Every structure is written in C-alpha cells, then in structure tokens.
Amino acid sequence: MAKQMQARRLKGLDYNPWVEYARLATEYDAVNLGQGFPDFAPPDFALEAFQHAVSGDLMLNQYTKAFGYPPLTKILASFFGKLLGHELDPLTNVLVTVGAYGALFTAFQALVDEGDEVIIIEPFFDCYEPMTLMAGGRPVFVSLKPSPTRDGELNSSSNWRLDPDELASKFTPHTKALVLNTPNNPLGKVFSQTELELVASLCQQHNVVCISDEVYQWLVFDGCQHISIASLPGMWERTLTIGSAGKTFSATGWKVGWVLGPDHLMKHLRTVHQNSIYHCPTQTQAAVAESFEKEQLCFGQPSSYFVQLPRAMQRSRDYMARSLQSVGLMPVLPQGSYFLITDISGFKSKMPDLPGAANEPYDRRFVKWMIKNKPTGQPPHLCSPHPSCLEGTMWKLDCLLPRAWQPSLSPSSSACLIRRTSTTTSASVL
C-alpha cells in the first residue's frame, strides 16, 4: 500500500483563492492587483535606513540574535511600551518574525493544541482559519453584524458590531484563544473602547489568550483612535500584540514583523521560532530599527509619517467611495486600513444569471466574469467562507490609492481591481 505523503494537518487546506485568481488573471491577461501593497516608495528616511543597512556595517550581512536584532528589539520595546503602558524587556517581551504572517503562524503553533477552540471574528483575514486548523485547533466563528441605515445614508464600518450575547456564547471550557483584528481586514472597522472592554472581560472570565493583529494601527481615519487591547486593565498578561513593518512603513517586501507580549506566553513562541525560522534577515531589521528611531523623534507631530500616511489614505478612501457611488454601488466607509466593502446587489438584480457552478456564490461568479470580460484587475483574497457573516452581494475593495499620495498624479489615473474575500469580494484601486 502506498504511503500517504500529505500530513493530516494539511487536509482541506490545499485550495488557495490567491492561486486561483492569479492563474485566471494570467490566463486572461488581466491586471492582477490582488495583494494589498503600495506602488509608491516608503518614506525617504526608511529608504535611507535600508541603504545604510546594506552599504554600511559589513557584519549586518551576518546572523544577528535569533529573536531579533538588538537595536530593533530595543526600539520596539521603547516605542510600544509607552503606547501599551508597560515597561517592555527587549529580551523577553519582543520577538521579531518574518512579517506579521510569521508572527501569527508562530503564535498559533505555540499556543493552540489539538482540540482547542479559537474564536475568530468574521469577516476575517484569510490565514486565521487555516493556521488554526494546522495547529490542530477548531475555529469558532462569530460575526460582526451591520446596523440598518436610513435611506440615502452612507454606511460605515462603525455600524458593524458584535452581539454581546452571541460572543459570550462562543466561549467554552475548550476556548484557548480569540483572534482580534483592529483595524479590521476586510471591513476597515476600528474597534471602540467599549467593544474592546467586552472582549477583554470575556477573555479574562474564561482565561483565554487574545491574539491581536494590529498591523493597520496607524491607518485610521476621521479622528478614530486605535486602542491596543493589551493596554486595557488585566489584558497585558493574556495578549499577544502583532505588528508589521511592511504596513507601518509601506515596505511589505521587507517582511519584518513582531510580537509583543508577556514572557510566560512569549517563551513558547520563542521555542517555535528557534526550531523553525530561527533568524530573520539582519539588514531589514536594521533598516526598521533606524526607521522607528527617526519616527520616534517626530511622533505625533505633523511631520510624522504616522500622521501623513493616514491623511493621504483618507483622501483616497473618500475618492473611492465617491467613485463607487457614482456607478450605483453602496460602499461601507471604513474607519481604517486599506479596505472597504460595498454592496453589489444592484448588479445582481441586473445580471442575475452569470455563468458558474450552481452552488457557486454570486460574488465569485461576478469576479470571474469581470476577469474574463473586463480585465482591469482581479481578485484573490478569501477572508471567510462562512455565509453567516456576509451575504454574497457584499464586496471588499482594497482602498489603497497610492497615486493619490503623489500630488502630481490625479486619482483619476487609478485602475481598479476586484478580488474576493469571504462571501465578500474585493477590489484594489491602484
């Protein structure tokens, strides 16, 4: 009898929408803007930091400390310690990883065991579910639900809320962790202090770890305030806070992420890290360290990149929302992140019978039709396959309009990408 080569933990995880839609985009010569990354340069100080790293100290070509380049762990501890209200030890409270994706994977592998339940808030970034399953856990889903709006009123991601009773019902003796993503991908929701206090109360009541994905923390709009749940009373000891230099400094290819948390949790992540990745590229870590040092000098001031970037993205978001409305779509205005979702039910009423499998959701069929017939940019980001979360006529769009960041270029020069997320679909406007 032939041996089964595939590990059981991979069963059912081989399908990836990124791969499917990238193939279709190539086949039909469509512009594939599926991944949310900028096409503009990082800030000058970050580029200069990277140049210093690759052309300066020769030893930056060699290994550094396994758990993080010391100047980087030191500045992360200093910078975020002030924001979280805790004094962080660079050696025990900080772990540098290969991007936030690596941080998430390390956290799931370190803490989730066979049979453990992990609460995931829908709609969600696509990796949370497979990472839970690969660790042997069982995903438990709870949905953000939209409140009704008055006729003609523009919807907002702030109208999407957790039902306190429903959320409480998801906690059981088997619950090991809850995944929080604020600002949320794909909805763009920034969780309020009241909502975070609800989550915190339940995590403490049931002795549950919170894995808090905060990669878009600097991309908040309209005066919204990002609050790290680890800063709330009683939550530092049970929270892993995950960040990304790629999203922070618009340099996604650097693949530098980090996890901040208490040593009694972090020591398990270090065990996974030292027996898998072991070490992250030294030069990019050095560049991120210098970038944070520069940003710390002007933090909160008008010259701060963390002030300038969200202002530019807010202009892009507003332009995108107006564009969608002009063609009869109903966008949900995001409070943060690169993303927004929009209602395409108007298209469905006019084009109800698009080709596709009988059980294939309308949004998937619409995206494939767009790729084949209107190849201006295409999909791929499955966020949640659970129809309890979003109906098949809600679409997600990457509201990243980098050309609007450059004053010499008009937003009207942007191209549009549609890609799928959950029962949602997404579109990048670049």
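Predicted model: local features only at pLDDT ≥ 70, side-chain atom pairs only at ≥ 80, totals over all residues.
Residues are numbered from 1 along each chain as its sequence is written, and side-chain values use heavy atoms, with hydrogens and water left out. Local features need pLDDT of at least 70, side-chain atom pairs count only at pLDDT 80 or more, and totals for chains, interfaces and linings use all residues.

**Exercise 1.** Describe how helix H4 and helix H9 pack.

Solution. Two packed helices are described by the angle between their axes and the distance between the axes. Helices are DSSP runs of H or I with at least four residues, and strands are runs of E with at least two. For H4 (residues 99-111) and H9 (residues 263-274), the angle is about 105° and the axes are 8 Å apart. H4 is therefore roughly perpendicular to H9 (65 to 115 degrees). On the H4 side, Thr106, Ala107, Gln109, Ala110 and Leu111 take part, meeting Leu265, His268, Leu269, Val272 and His273 of H9 (contact: heavy atoms within 4.5 Å).

**Exercise 2.** Give the strand order of the open sheet and name its edge strands.

Solution. The seven strands run E1-E10-E9-E8-E7-E2-E3, with mixed pairing. Strand E1 (94-97) and strand E3 (138-143) are the edges, each pairing on one side only (pairing needs at least two DSSP bridges). Inside the order, E2 (residues 117-122) and E7 (residues 175-181) pair in the parallel sense over four bridges. Ile119 stands opposite Leu178 in E7.

**Exercise 3.** Is Gln205 buried or exposed?

Solution. Gln205 lies in helix H7 (residues 193-205). Its relative accessibility is 59%, so Gln205 counts as exposed (over 50%, with buried under 20% and partly exposed in between; 1.4 Å probe, protein chains only).

Definitions and conventions
Axes fitted to C-alpha atoms, helices over the stretch in contact; angles between N-to-C directions. Parallel < 35°, antiparallel > 145°, perpendicular 65-115°, else oblique.
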